[in-house]
Amino acid sequence: MDPGTAVLTPPPAPVGGAADATLPRTPGPRAGATAMSNVPARIGRYQIIERVGQGGMGILYRGIDPVLDREVAIKVMIGDFGDDLDQLRPRFQREARAIARLQHRNIVTVFEFAEDEGTPYIVMEFLRGASLSARAKAEPPLTMAEKVDIVAQLCTGLGYAHEQGIVHRDVKPANIFLLEDGAVKLLDFGIAKLTSSTLTRQGDVLGSPSYMSPEQIMGLDTVDGRSDVFSAGAVLFELLAGRRPFDGDTTPTIVMKILNTDAPSLDALDSSIPAPLAAVVARALHKDPAHRFQTATEFARELMAVGGAVPADRRVPLTGPIGPETLAGSGPVMVPPSELAETAAKGRTWAVAAGIAAVVVAVAIVVGSWIVRSYSRATERPQLARDSASATRTPRASASDSGPVNPPVRGDARPPSTDPISPKDPAVKPAAAVTPPKDPSSRAASQKERASRPPASSAAKPSASGSPKETTPRTTTPAPAVQVAVTASGAYPFAIVDAGRVVSPASTSHQVNISAGRKVSLVAPEYSLNQTVTIGDTDDHRVELQAPALGKLTIRSSQETCTVQIGGRLLGYPPVNNISIASGSYRVDIVCPNGKITSEFVNIVGGQSQRVIVQ
């Protein structure tokens with residue numbers, strides 16, 4: 001890393017657990033006693049604490065602003081350039097003017113530009129974190145999603161700078177700084193070119209060769225924001241592939257590759273890199289500026305768009321719903337992506353097996369029903385034959401009887417009359433008026449018929465008085481609900497709400513009696529907490545609840561004019577950095593003035609930080 005491009009010292013707890021070794025420190029007395037003597041006690045009104053680095057254009061100090069009582073980074077122009085001093089002074093001033101005009105979350109903030117005894121210096125915000133060049137070598141390694149997010153934030157800052165007429169022209173990992181909250185800061189506009197300025201002479205070649213665009217290498221006067229797009233693409237290529245797109249042992253070799261050789265395809269180098277992401281990087285590295293992304297903002301949007309195809313640890317689904325276990329402080333059960341894939345495959349296999357089994361059971365039921373009906377019909381036919389035989393063996397009435405004897409009938413079916421006289425003859429009385437003789441065999445047949453009929457419903461069975469019995473439902477008085485002594489506590493204030501009624505106001509601890517079986521909610525709007533738990537009974541009628549632990553959430557979106565909402569909680573405009581939120585599953589909404597709503601889901605785990613990108 002170029003030491004002069006850093007703006008801050010390593011934090012007490014460096015990113016990845018390793019110190020940012022890219023910031024050379026002034027050696028102590030043992031290494032060289034004269035080094036410390038070169039650190040001034042004061043520059044302008046600023047008290048100097050230490051010297052933290054030196055680059056090609058200046059020396060970087062950490063100091064204190066006694067007026068505002070804040071830490072600042074002070075970059076002082078190096079004064080030993082001989083005849084070049086007159087040219088470097090306006091370039092240094094140009095850097096100050098350039099970045100002083102840029103007020104953006106992804107660009108380092110400049111507080112002041114001044115001179116101290118003829119030596120110009122720039123006062124900037126003092127940052128804590130690590131440069132991308134240092135973080136890329138630290139543990140744990142950056143995930144693919146984090147790498148894409150870093151360059152997307154970088155391009156957002158570059159897009160803003162380009163809109164202000166400023167081209168950075170030295171985009172490289174050493175000039176990209178990662179703060180402790182995950183935000184990205186673009187540093188060192190030392191060779192930035194104001195599009196309205198003529199201070200950079202035609203033919204000047206400034207920048208780091210491995211990340212320079214072809215037009216910048218050739219020293220063209222038409223260098224614009226698309227050159228920074230090329231450099232940002234080279235940074236992302238290196239992050240994803242672990243090597244630079246154009247590399248070589250010497251600068252001329254690197255330059256010739258940038259001018260004449262296409263960068264290798266990322267998905268060919270690493271099959272785990274999604275093809276859409278590889279295509280986006282390839283477009284950013286196109287040698288012809290007309291075929292690249294025309295703005296860095298467009299590049300950032302494309303990176304966010306392909307983010308859904310990038311494997312990301314930040315989108316780990318819950319294995320089950322939020323319940324008492326989560327409220328007790330155990331948090332959602334998380335599983336690694338490999339186990340999720342295996343579980344999903346097993347689920348699909350089980351679903352297919354269950355479907356086949358259901359079809360087999362359905363077929364078995366249909367076949368069984370057909371066999372039962374067939375057997376019933378087979379058994380009914382002999383019975384009907386026997387009944388008919390009994391009827392034919394019954395003696396016919398004598399001439400003194402009124403008419404023929406009808407055989408016993410089954411159900412409501414009435415077989416045709418055996419009398420040779422047609423029932424249509426008006427002289428013949430209806431067969432229903434014929435009374436059969438009191439023959440023992442006929443009586444037996446009638447009894448057999450009555451026995452074969454299904455029993456009447458008990459609801460329609462006549463009572464002793466001849467009217468159907470009426471069943472009166474029994475009414476029982478419900479037992480009073482068991483009261484459970486509920487003790488609830490948490491690290492932050494929350495209320496207990498039952499059916500919209502606050503039974504215990506916001507506090508970090510609660511003692512309240514609630515009926516067993518009731519569903520109550522733990523509510524803390526400032527932490528997006530609104531979780532429901534059912535109060536179960538225990539042997540001693542006591543229940544203890546623990547509010548879910550808090551996690552951190554960072555939300556990013558390219559739709560910067562839209563508001564961020566989680567449930568009923570309005571979080572303002574993106575980006576939203578490191579807000580405290582109760583552990584659980586949430587939907588993040590980006591609500592735009594035109595009514596468009598874009599959503600993304602995220603799972604928060606207590607004590608952990610999550611990041612979500614809503615496109």
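## How helices 6 and 10 meet

Helix 6 and helix 10 run roughly parallel to each other, and that label follows because angles under 35 degrees count as roughly parallel. The angle here is about 30°, and the two axes sit 10 Å apart. For finding them in the viewer, helix 6 covers residues 225–241 and helix 10 covers residues 296–305. Helix 6 goes past helix 10 in a right-handed crossing.

Who does the touching? On the helix 6 side, the contact is made by Val 229, Ala 232, Gly 233 and Leu 236. Helix 10 brings Ala 296, Phe 299 and Leu 303. Sort those contact residues by type and you get 6 nonpolar, 1 polar and no charged.

## The overall picture

Keep in mind that this is a predicted model. The protein has 615 residues, and 42% of them count as buried. Its secondary structure comes to 13 helices and 23 strands.

If you take the contacts between residues at least 6 apart in sequence, 60% of them join residues at least 24 apart.

## Ser 272, in a loop

Ser 272 sits in the loop that links helix 8 (266–269) to helix 9 (275–284). Its relative accessible area is 41%, so Ser 272 is partly exposed; the cut-offs that matter are under 20% for buried and over 50% for exposed.

The side chain of Ser 272 makes a polar contact of 2.7 Å with the side chain of Asp 270.

Is Ser 133 buried or exposed? Ser 133 counts as buried, because its relative accessibility is 15% and the cut-off for buried is under 20%. You'll find Ser 133 in helix 3, which spans residues 132–135. Its side chain is joined to that of Ser 131 by a polar contact of 3.0 Å.

Asn 603 belongs to strand 22, residues 597–604. Its relative accessibility is 9%, so Asn 603 counts as buried too. And which side chain does the Asn 603 side chain make a polar contact with? That would be the side chain of Ser 585, at 3.2 Å.

Definitions and conventions:
Residues numbered from 1 in each chain as written. Predicted model: local features only at pLDDT ≥ 70, side-chain atom pairs only at ≥ 80, totals over all residues. Heavy atoms only, no water. Helix = DSSP H or I, 4+ residues; strand = E, 2+ residues; numbered from the N terminus. Buried < 20%, exposed > 50% of the residue type's maximum accessible area, 1.4 Å probe, protein only. Polar contact = N/O pair within 3.5 Å; in protein donor to acceptor, adjacent residues only side chain to side chain. Axes fitted to C-alpha atoms, helices over the stretch in contact; angles between N-to-C directions. Parallel < 35°, antiparallel > 145°, perpendicular 65-115°, else oblique. Left-handed = near helix turned anticlockwise from the far one by under 90°. Contact = heavy atoms within 4.5 Å. Nonpolar A, V, L, I, M, F, W, Y, C, P; charged D, E, K, R; others polar.
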